[in-house]
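Open the model in a viewer and keep the selection tool at hand. The stops below say what to select and what is there.

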Amino acid sequence: MQIASPDLDLTLRALSSGDIRTAARLITFIERGTTGLTPLLQTLYRNGGRGRIVGITGPPGAGKSSLTNKLISVWRKQGLTVAVLAIDPSSPFTGGAVLGDRLRMMEHACDPGVFIRSMASRGQLGGLAKAAGDALTILNAMPWDIVLIETVGVGQNETDVMRHAEVVLLVQTPMGGDDIQAAKAGITEIGDIFVVNKADHPQADHTVRQLESMVALGNCLHPDRTWLPPVVKTQANSGEGVKVLTNHIDRRFVHLARNPEVAEKQSRERIRHRVGEILQQLLNQRMRSNGGGWLDEAIEPVVARKSDPYALAATLIERL
């Protein structure tokens with residue numbers, strides 16, 4: 001699909017007014033790899049930055065979707081509008097989203113102040129779908145107060161969410177493994193707020209103390225940090241602790257507003273990561289297209305060891 005100028009203007013106006021159908025259609029185009037969307041995405045990015053982007057991550061079975069459902073309820077009672085991008089596991093048959101996340105949020109399905117979109121991870125490491133960045137660009141250009149992105153749940157590789165969200169909730173459970181497993185640096189260092197869900201479990205307080213000790217140790221190692229991540233107990237099924245959690249989310253955004261140097265540093269890191277994603281997509285497209293067979297010709301000297309993969313990669317970047 002190639003968007004013509006009049007259609008581009010109509011699309012921009014529809015998204016600016018919060019048209020859910022237009023957003024859903026565009027996200028579908030993105031997932032399908034439809035060409036011609038770049039001018040629209042460029043304009044949306046420049047006009048975006050309206051909503052607060054909150055990421056929620058953690059291992060499978062931690063209760064992320066149920067917690068998201070309760071977060072939506074609290075925010076809606078406060079009069080806030082919410083868009084959710086839920087990354088689901090891929091169907092082994094169709095490659096589409098399994099839609100487990102959306103099923104847990106069905107009570108909000110008819111609420112015009114809520115938009116829930118499931119995306120298939122399609123085997124992508126890091127907990128997010130490849131199209132998530134473009135989908136967030138669309139949602140963040142719409143008049144949503146909160147844009148929440150929930151990752152698929154892939155354990156300790158699930159760090160991509162910090163490259164997209166301004167505030168990251170890391171959900172753990174008392175049944176999440178031994179002390180060493182829970183304190184793995186790769187996953188715990190990404191959390192702005194730690195959430196111990198299933199707080200009615202006998203080991204919940206132990207898990208809270210363990211995380212608080214880890215936060216205290218991190219503060220000792222990095223005394224220049226201006227934010228000490230809180231540890232919050234929740235019970236997603238009953239909603240216990242969720243209002244407290246939203247208060248901490250608000251505190252984190254206030255902290256970022258009062259410390260613009262911290263917010264700017266994080267923004268730069270997110271943009272650096274996003275540019276890297278786009279470059280990778282462009283390279284993949286160039287290699288798949290192989291227009292005129294030029295790539296096959298360029299590979300021949302590498303096969304004959306008259307050239308090397310490093311030189312060929314540099315040539316590909318030059319030809320973007």
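Start with the aromatic rings: how many aromatic pairs does the count come to? The count comes to one aromatic pair, where rings of Phe, Tyr and Trp (its six-membered ring) pair if their centres lie within 6.5 Å, and planes under 30 degrees apart count as stacked, over 60 as edge-to-face and the rest as tilted. Select Phe115 and Trp144: this pair is stacked, at 6.2 Å centre to centre with 20 degrees between the planes. Phe115 belongs to strand β3 (residues 114-120) and Trp144 to the loop between α6 and β4 (146-150), so the pair ties together parts that are 29 residues apart in sequence. Both Phe115 and Trp144 are buried; buried means under 20% relative accessible area, exposed over 50%, and partly exposed in between (1.4 Å probe, protein chains only).

A note on the source. This is a predicted model, in which local features need pLDDT of at least 70 and side-chain atom pairs count only at pLDDT 80 or more, while totals for chains, interfaces and linings use all residues. Residues are numbered from 1 along each chain as its sequence is written, and side-chain values use heavy atoms, with hydrogens and water left out.

Now show the whole chain as a cartoon. The protein has 13 helices and seven strands; helices (H or I, at least four residues) and strands (E, at least two) are DSSP runs, numbered from the N terminus. Of its 320 residues, 46% count as buried. Among contacts (heavy atoms within 4.5 Å) between residues at least 6 apart in sequence, 76% join residues at least 24 apart.

Next, select helix α3 (residues 38-46) and helix α6 (residues 132-139). They pack at about 55 degrees with their axes 8 Å apart; axes are lines fitted to C-alpha atoms, for helices over the stretch in contact, and angles run from 0 to 180 degrees between N-to-C directions. α3 and α6 are therefore oblique to each other, given that angles under 35 degrees count as roughly parallel, over 145 as roughly antiparallel, 65 to 115 as roughly perpendicular and the rest as oblique. Show side chains for the contact: Leu41, Leu44 and Tyr45 on α3, and Asp134, Thr137 and Ile138 on α6. These residues divide into four nonpolar, one polar and one charged, where Ala, Val, Leu, Ile, Met, Phe, Trp, Tyr, Cys and Pro count as nonpolar, Asp, Glu, Lys and Arg as charged, and the others, Gly among them, as polar.

Move to helix α10 (residues 242-258) and helix α11 (residues 260-289), which pack at an angle of about 100 degrees with their axes 5 Å apart. α10 and α11 are therefore roughly perpendicular to each other. The contact uses Arg252, Leu256, Ala257 and Arg258 of α10 with Pro260, Val262, Ala263 and Gln266 of α11. By type, the contact of α10 with α11 has five nonpolar residues, one polar and two charged.

Then pick Arg13 in helix α1 (residues 5-16). Is Arg13 buried or exposed? At 54% relative accessibility, Arg13 counts as exposed. Its C-alpha atom is separated by 9.8 Å from that of Met142, 129 residues away along the chain.

Two backbone stops remain. Lys198, in the loop between β6 (193-196) and α9 (204-221), has phi near 60 degrees, a positive value in a residue other than glycine. Its relative accessibility of 27% makes Lys198 partly exposed. Finish at Arg305, in the loop between α12 (294-303) and α13 (309-318). Arg305 is not a glycine, yet has a positive phi of about 60 degrees. With a relative accessible area of 76%, Arg305 is exposed.
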